[in-house]
Amino acid sequence: MLRPGRSCPSSYYYGARALAGEPSLEVESLWIAGGLYGNVQALDALLAVYEGERGSKALVFNGDFHWFDVDAADFSRVNDAVLAHHAARGNVETELATPQDGAGCGCGYPDWVGDETVERSNRILQRLRATAERLPHTLAALRALPMHLAARVGDARIAIVHGDADSLAGWGFSQEALATDDGLRRAGQAFATAGADLFASSHTCLPVLQRFAGGRALINNGAAGMPNFRGSRYGLATRISFTPARESIYGVRRRALYIDAVPIRYDSQAWERCFLEQWPPGSDAHASYYQRIVEGPDYSRDEALRGQTPAQSQRVGTA
Ligand SMILES: [Fe+2]
């Protein structure tokens, strides 16, 4: 029996072997933005900074691009912009387009997330679904999106997922799981099974860049549409390219490639107003997210950047 917001529906499972197919994208610069969460100001900022990218390029929205956007105009705008690029569905889009009995928000929350947060997320999803059902053409498009993508930049094969190597809403690539020996070992084993040099993920709301032996790395961008660090108000996206990022919060090199967490510096005051119009005090999203939106989570960029190699091979930006 599924527990809403806690359990992962069986249809979420694909297994790391499913990631080993031919890359559908090959570019010089690859951007991956998970967790936009319906933040239209972050969408504007992301598209503006991506616009400045030179050479062959692709932008992938790897799920949960909807969440706070219960306003139908915002929902349509996010949907249209995402579908104009490359996209994989997250649990939010999956539960909007093909609701699974008992899945709730589809987040698959682990034990360290409290019951009240889980119940609020389930109710946020219900309210968002009421918006989406007024726009049936968007649901058909979301239903058709894949759960994962593979890309190539230079000699690196990149598996792009929403959750982890095995499941759409898996937490194996969360900073919490990667802080354990067992979690680190499991993630390390997934590279060979998936035939990947790099994993790009999102879903777990906090970013992490974890290096593994042999130049492999896992980069979870946290959220493109919410602050990721204490005292900050910018989102993060992942950029993998032959050229250095114009601005990087932290990054690593893999031979000729630069792998960076790049800031999405949106108009945070406009976003706060927009959020409060949709989710005023007393609402579920306000209770769960407002503090993070204005103050950032209790997490630092030093905690996000992890590796086995000496510190000089990692680059920490100045933001
Ligand atoms: Fe998610």
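Is His203 buried or exposed? I shall begin with that residue and then turn to the chain as a whole. Please keep in mind that we are looking at a predicted model.

His203 has a relative accessibility of 4%, and because buried means under 20%, this residue counts as buried.

Let us now consider the surroundings of His203. Its side chain forms a polar contact of 3.1 Å with the side chain of Asn91. A polar contact of 3.1 Å also joins the side chain of His203 to that of Trp171. Leaving aside residues up to four places away in sequence, His203 touches Asn91 and Trp171, and its other contacts include Tyr37, Asp64, Cys107 and His162.

I turn next to the whole chain. It contains ten helices and 14 strands. The radius of gyration is 18 Å, close to the 20 Å that the globule rule gives for 319 residues, and the chain is therefore as compact as a globular protein of that length. Along the principal axes, the C-alpha atoms fill a box of roughly 50 × 40 × 35 Å.

His203 is buried, and buried residues make up 61% of the 319 in the chain. Of the contacts between residues at least 6 apart in sequence, 72% join residues at least 24 apart.

Finally, the surface and the charges. The chain exposes about 12500 Å², of which carbon and sulfur atoms supply 49%. There are 32 positive and 36 negative charges, and their mean positions lie 5 Å apart.

Terms used: Residues are numbered from 1 along each chain as its sequence is written. This is a predicted model: local features need pLDDT of at least 70, side-chain atom pairs count only at pLDDT 80 or more; totals for chains, interfaces and linings use all residues. Side-chain values use heavy atoms; hydrogens and water are left out. Buried means under 20% relative accessible area, exposed over 50%, partly exposed in between (1.4 Å probe, protein chains only). A polar contact is a pair of N or O atoms within 3.5 Å; within protein, one must be able to donate a hydrogen and the other to accept it, and residues adjacent in sequence count only if both atoms are side-chain atoms. Contact means heavy atoms within 4.5 Å. Helices (H or I, at least four residues) and strands (E, at least two) are DSSP runs, numbered from the N terminus. The radius of gyration is taken over C-alpha atoms; the globule rule is 2.2 Å times the number of residues to the power 0.38. Accessible areas come from the Shrake-Rupley method with a 1.4 Å probe; for residues, only the protein chains shown count as cover. Lys and Arg count as positive and Asp and Glu as negative; His and the chain ends are not counted. The place of a charge is taken as NZ of Lys, CZ of Arg, CG of Asp or CD of Glu.
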